[in-house]
Every structure is written in structure tokens, then in C-alpha cells.
Amino acid sequence: MISFKGRTYWLIGASEGLGRALAHDLDKDGAKLVLSARNQDRLNDLAGDLTDARVVPIDVTDPEKVEAAVAQVGDVDGVVYIAGAYDPMPATEWDSASAIQMCNVNFVGAMHVMGHLVPTMVAKGQGDITLIGSLAGYRGLPKSIGYSASKAALISLAETLRFDLKDTGVVVRIVNPGFIKTRLTQKNSFKMPMLMTPEDAARQVVKAMRKTRFRTDFPAPFSWGIRLLNYLPDLIVYRGK
């Protein structure tokens with residue numbers, strides 16, 4: 001069981017939704033926090049409600065700003081990559097700028113960050129990496145150009161890190177939530193099964209972070225249904241298409 005007390009965690013994407021709720025939960029458990037996102041005002045507001053937190057703004061899509069933020073943050077025990085972008089988009093209404101932005105925030109930004117942190121953690125022989133993916137990353141879904149692909153890439157990144165960092169002392173985990181009630185999912189016009197509050201989702205993430213288990217998907221049974229799609233023949237999945 002991993003204890004957060006006295007340990008420093010860098011939360012990237014902490015200004016809203018799941019990241020904000022997760023900051024409150026980790027703070028209650030005694031963690032020291034570094035809060036990052038683009039909106040410094042929202043981060044400052046959050047830090048004011050926490051026991052031991054400092055703010056380091058970041059734009060994960062800009063390599064130079066990531067490098068500057070890494071230098072400002074300094075040594076950390078763990079990182080949680082929560083930064084995310086989402087716009088519902090069918091391929092018939094392709095918006096290249098929005099699609100590329102989703103990929104840059106959801107996946108490429110994680111590559112920028114990991115490129116600095118992973119070598120440092122490996123050299124120390126310890127570290128804790130949590131990547132927040134999505135159940136949408138397990139299968140290409142309707143109206144999900146940019147989002148599903150970028151989350152699939154993030155899951156693949158986590159899987160590769162898990163292979164390569166075995167026996168280095170660095171813990172890697174991927175946490176894939178379903179629908180969370182945030183400003184992003186408010187863009188959806190369809191019914192979202194088992195929609196969670198950010199607070200409920202944060203509790204699931206904290207529970208996952210207490211363990212060294214690699215993969216956590218939630219909520220059940222919705223997550224089971226999503227994973228099942230990977231085992232169904234295409235004739236069934238794309239019936240009528």
C-alpha cells in the first residue's frame with residue numbers, strides 16, 4: 001500500500017474537473033502538491049484551499065514551456081498526467097485544428113513531460129507515474145476523431161513504459177475512467193452511461209494510486225462492456241455499416 005503522506009506529487013491538469021478533485025483528496029492524505037495547467041488563476045484559487053501546494057503553470061503542447069516547468073518543479077516523488085482536451089467530432093465534420101489540439105494535449109504533451117521525468121526517475125531508481133487515459137481509448141468510437149486516437153496512444157505509451165521500466169523502481173499505471181461530469185462532457189448531446197462526478201472519479205484514482213497494479217478501468221460494469229468490444233468480430237461491431 002503506497003502512502004502519500006509527505007510525498008510530492010505533480011498534478012498536470014489540476015485546474016478543473018477530475019484534476020481539481022484529485023488535488024483535494026491527495027491533500028487530505030498528506031501529500032505535497034505541485035499544481036499545473038494553463039489557467040494560473042484557477043490554480044491559485046485551488047492552492048489557497050490546500051495545505052501544502054504550489055503553482056507552476058504549464059502548456060504541455062509547448063516543449064520549451066514544459067522544459068521550463070520541469071526545471072521550476074524540481075524533484076518529485078510522482079506525477080499524475082490528467083491534462084485533456086475533447087471536442088465531439090465525426091469524420092464527416094473534420095476540424096483539423098481541433099483534432100490536432102486533442103492529440104497534442106492528450107498524448108504529445110505526455111510525451112514532452114515523460115521525456116524529462118522518466119530519465120530522472122530511472123537514474124534515481126524510484127518514481128511513480130500515473131497516466132489518466134479513457135475507456136474511449138480501447139476502441140475507435142463514433143464522433144471521436146482525435147479523442148479516441150489520442151487516448152489509445154496514451155494507453156500504448158503506458159503499456160510500453162510498464163514493460164521497459166520493470167525492475168527500475170519506477171511504478172507505472174494507467175487509469176481509464178468512463179464519463180465524468182465536467183466542462184468537456186457537457187459538449188456531448190447523447191446519454192452518457194454511468195456518468196460520474198469528478199469527486200467519485202477522483203476517489204477511484206486515489207484507490208488505484210495506492211497500489212502498484214498497472215491498469216485500472218472504471219466504472220464497472222460499463223468498463224467491462226467497452227473491453228468486450230475488442231473481442232467481438234468486426235461484423236458485429238460495425239453491423240449495418
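This is a predicted model: local features need pLDDT of at least 70, side-chain atom pairs count only at pLDDT 80 or more; totals for chains, interfaces and linings use all residues.
Most of H1 is covered, since nine of its twelve residues are buried. The buried residues of H1 are Leu18, Gly19, Arg20, Ala21, Leu22, Ala23, Asp25, Leu26 and Asp27. Their cover includes contributions from strands E1 (8-12), E2 (32-36), E4 (78-81) and E5 (127-132), together with helices H2 (40-47) and H6 (198-209). After H1 comes Gly30, with a positive phi near 90°.

The protein as a whole contains eight helices and seven strands. Its radius of gyration is 17 Å, close to the 18 Å given by the globule rule for 241 residues, so the protein is as compact as a globular protein of that length. The C-alpha trace extends over about 55 × 40 × 30 Å along its principal axes. Of the 241 residues, 49% count as buried. Among contacts between residues at least 6 apart in sequence, 65% join residues at least 24 apart. With regard to charge, the mean positions of the 29 positive and 25 negative charges are 7 Å apart.

Ser15 is located in the loop between E1 and H1. Its relative accessibility is 8%, and Ser15 therefore counts as buried, the cut-off being under 20%. Beyond its neighbours within four places in sequence, Ser15 contacts Arg20, Ala37, Asn39, Arg42 and Leu43. Leu43 and Glu16 are separated by 27 residues in sequence, and their C-alpha atoms are 8.7 Å apart in space.

A further pairing across the sequence involves Ser3, which is placed in the segment before E1. Ser3 has a relative accessible area of 44% and is partly exposed. Although Ser3 and Arg210 are 207 residues apart along the chain, their C-alpha atoms are separated by 6.7 Å.

Backbone geometry was also examined. Most residues other than glycine have a negative phi, and most peptide bonds are trans. In this model, a cis peptide bond joins Phe218 and Pro219, with omega about 0°. Pro219 occupies the loop between strand E7 (215-217) and helix H7 (222-228). The bond from Ala220 to Pro221 is likewise cis, with omega near 5°, and Pro221 lies in the loop between E7 and H7.

Positive phi values occur in residues other than glycine as well, including Lys143, for which phi is near 55°. Lys143 is situated in the loop between E5 and helix H5 (147-164). At 51% relative accessibility, Lys143 counts as exposed, because the cut-off is over 50%. For Asp167, phi is positive and near 70°. The position of Asp167 is in the loop between H5 and strand E6 (170-176). Asp167 counts as exposed, with a relative accessibility of 75%.

Note on methods: Residues are numbered from 1 along each chain as its sequence is written. Side-chain values use heavy atoms; hydrogens and water are left out. Helices (H or I, at least four residues) and strands (E, at least two) are DSSP runs, numbered from the N terminus. The radius of gyration is taken over C-alpha atoms; the globule rule is 2.2 Å times the number of residues to the power 0.38. Buried means under 20% relative accessible area, exposed over 50%, partly exposed in between (1.4 Å probe, protein chains only). Contact means heavy atoms within 4.5 Å. Lys and Arg count as positive and Asp and Glu as negative; His and the chain ends are not counted. The place of a charge is taken as NZ of Lys, CZ of Arg, CG of Asp or CD of Glu.
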